[in-house]
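Q: Please take a close look at one loop of this structure and the backbone there. Then place that part in the setting of the whole chain.

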Amino acid sequence: MTMLDKDLSYKLYSDEIIYRPPPESESILLQVAVGCSYSECTFCREQAHHRFKAYPLGEVEEKIAILASLPENKHKTELFFVGENCMVLPTQHLVAILQAVHELLPQVQHINMYARAVEILKKGRADLSLLRDLGVSSLYVGVESGSDRILENCRKGETVAQMLEALQLLDQLGLTYSLSSIIGLGGEELSWENATKTAEFYNQVHPWSIRLMTLSPEKGTTMAADIAAGRFHQLPPWKTILEERLLLEKLEVEDCLVYGNHFSNLLPLVAKWRQDQETVLEKMDEIICSLQPELVHSKDFDHM
Ligand code: SF4
């Protein structure tokens, strides 16, 4: 928001840093909620804050009016709801916001947001269809891992089966979705499981994009405390590269953008899958081969 003056930014957003996925870099950013209604995942900054609140409709309408008055938004057709789990908001509240968006920003055609899989399931077919008909197009769903054991360990509050069911419902309704997962979420012990099960999960669904991040828990989270106390064995950086390579080797999704450009990632990656798969793996192999041999023991490659 470097283009906005401080007063305007204060009226529009709760924080100086606005969290939005990379594909939304050109979208109008409308904050409808602060934080996450769940806030239990042990690795997530929201666990440290527990600060969820939804803005009342009147405040959201004021924000939309401000956004509509900004010349840089005049021709933008994509809008993103800022808030970590906007799908949890009551359907009627979302409907009222969507109607206000169309009234004040009539050029907007696609409205996208973060959503937990369990909230997608709670909304169900009828409410999702209603939201879709009002312009909701694409949802960003944090998968984090395709392993139930790892999801349970990090208190994700969702199972692989629930996530699969939610994404299959989106497929049926013609809603697109982008997914994300975390390299290193299983620690040293479950690194192989995290890579293979997450790739296996991705291969069963049809994401528009996949974002790979690397575990980097903030101070104040359970995960950070577990690492400090030696209860969770975080992967050293070079092993995150091995885990990422294994996941990418097993990844068979078609027509999908794969991003690994989060600040937490060691290797920047933006690739089209599967056409770029071979090139990406070759480059990763070059990097792995250039690592100090004493770091990379042959047993670490056994699974690859
Ligand atoms: S990872 Fe997602 S669902 Fe879990 S607490 Fe953070 S924002 Fe909420």
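A: In this predicted model, D255 lies in the loop that links helix α10 (237-250) to strand β9 (256-259). Its phi is near 50 degrees, a positive value in a residue other than glycine. D255 has 11 C-beta neighbours inside 10 Å, and therefore counts as exposed.

R155 also has a positive phi, of about 55 degrees, although R155 is not a glycine. This residue belongs to the loop between α6 (148-153) and α7 (160-173). Because R155 has 15 C-beta neighbours inside 10 Å, it counts as partly exposed. The peptide bond that joins W273 and R274 is cis, with omega at about 5 degrees.

Among contacts between residues at least 6 apart in sequence, 79% join residues at least 24 apart.

In contrast to the exposed D255, strand β6 (residues 136-144) has eight of its nine residues buried, so this strand is largely enclosed by the rest of the structure. Strand β5 (residues 110-114) runs parallel to β6 and is joined to it by four bridges, with I111 having V136 as its bridge partner in β6. Together with helix α5 (residues 117-133), β5 and β6 form a right-handed β-α-β unit. Strand β7 (residues 176-183) is also parallel to β6, and six bridges connect the two; here Y140 stands opposite S178 in β7.

Buried residues make up 40% of the 304 residues. The largest nonpolar core has 76 residues, of which V32, C86 and A115 touch the most other members. Leaving aside residues up to four places away in sequence, A115 touches N85, C86, M87, I120, L139, Y140 and V141. In soluble globular proteins, nonpolar side chains tend to be buried together.

As for confidence, the mean pLDDT is 92, and 94% of the residues reach 70 or more. Over residues 298-304, however, the pLDDT is below 50, and this stretch has six contacts in the model beyond near neighbours in sequence.

Terms used. Residues are numbered from 1 along each chain as its sequence is written. This is a predicted model: local features need pLDDT of at least 70, side-chain atom pairs count only at pLDDT 80 or more; totals for chains, interfaces and linings use all residues. pLDDT is the predictor's confidence in each residue, from 0 to 100. Two residues are in contact if their C-beta atoms, placed from the backbone, lie within 7 Å. A residue is buried if 20 or more other C-beta atoms lie within 10 Å of its own, exposed if 12 or fewer, and partly exposed in between; C-beta atoms are placed from the backbone. Two strands pair if DSSP finds at least two bridges between them. A crossover is right-handed if, with the strands pointing away from the viewer, the path from the first strand over the helix to the second runs clockwise. A nonpolar core is a set of buried Ala, Val, Leu, Ile, Met, Phe, Trp, Tyr and Cys residues joined through C-beta atoms within 7 Å.
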